[in-house]
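Trainee: I would like a close look at a single part of this model. Please take me through the nonpolar core and the charged residues, with each term explained.

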Amino acid sequence: MGNRKQARDEEFRGFVMSCWSRLMRMAYLLTGQQQAAEDLVQSSLERAYASWRTVSSADDPHAYVRRILINLHARRHRRGLKEFLSARDDASLGELGDGPARGDTVAQAEDRSMLLRALAQLPTRQREAVVLRYWEDLTETQAAAAMGCSVGTVKSNAAKGIAKLREVPGLMDTMMSGGRK
């Protein structure tokens, strides 16, 4: 009995190590705060551990945990908890490994700050759809599974979110001139 638990714990530990940074990036983009993102990921992983047999036997355990994370985020949003995407947390996003490593770091920080402010303007479901589709590079079907909605809802929310982002003055110019498309 003890060996099985130890093997399960070791398997879970390996899983956490493989997906931690990706879950943190997604949670940070959804919540806008480092501490809130850490709490969201921690809560998601607690739930995953509690049902690890089910999670580990799923076709895609990463997708299963991503769905847990999205559901927890949506539940918190429904309760009216505020989320803020702010410039003071921009350094945290860089620590998560998604910022380009070369070039003008001041310009990169300004670009990131502008993108975070633009994301903050999106309603939660649109932000979720944009983050899952374009940041996490999920298919519409995968994003729909993660959000617990139809593919059409993902398409609609992503399209509306991208349209709103395109309306942000200077954002498209900044992203295009920085080599990011």
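**The core and the charged residues**

Mentor: In the largest nonpolar core, which has 43 residues, Leu23, Leu45, Leu69 and Leu132 touch the most other members. A nonpolar core is a set of buried Ala, Val, Leu, Ile, Met, Phe, Trp, Tyr and Cys residues joined through side-chain atoms within 4.5 Å. Buried means under 20% relative accessible area, exposed means over 50%, and partly exposed lies in between (1.4 Å probe, protein chains only). The elements giving two or more residues to this core are α1 (2-31), α2 (34-50), α3 (52-56), α4 (61-78), α6 (105-120), α7 (124-135), α8 (140-147) and α9 (151-167). With 11 residues, α1 gives the most to this core. Helices (H or I, at least four residues) are DSSP runs, numbered from the N terminus.

This is a predicted model, in which local features need pLDDT of at least 70 and side-chain atom pairs count only at pLDDT 80 or more, while totals for chains, interfaces and linings use all residues. Residues are numbered from 1 along each chain as its sequence is written, and side-chain values use heavy atoms, with hydrogens and water left out.

Not counting residues up to four places away in sequence, Leu45 touches Phe12, Phe15, Val16, Trp20, Leu23 and Val65; contact means heavy atoms within 4.5 Å.

Now the charged residues. A salt bridge is a side-chain nitrogen of Lys or Arg within 4 Å of a carboxyl oxygen of Asp or Glu. The whole structure has 4 salt bridges. One of them joins Glu136 and Arg22, with the closest N and O atoms 2.6 Å apart. This pair links distant parts of the chain, 114 residues apart: Glu136 is in the loop between α7 and α8, and Arg22 is in helix α1. Glu136 is buried, at 3% relative accessible area, whereas Arg22 is partly exposed at 40%.

Another salt bridge joins Glu128 and Arg125, where the closest N and O atoms are 3.1 Å apart. These two are separated by about one helical turn, because they are 3 residues apart in helix α7. Glu128 is buried, with a relative accessible area of 0%, and Arg125 is partly exposed, with 29%.

Arg133 is also in helix α7. Arg133 is buried yet has no salt bridge, and the nearest side chain of opposite charge, Glu140, is 4.0 Å away. Here Lys and Arg count as positive and Asp and Glu as negative, with His and the chain ends not counted.
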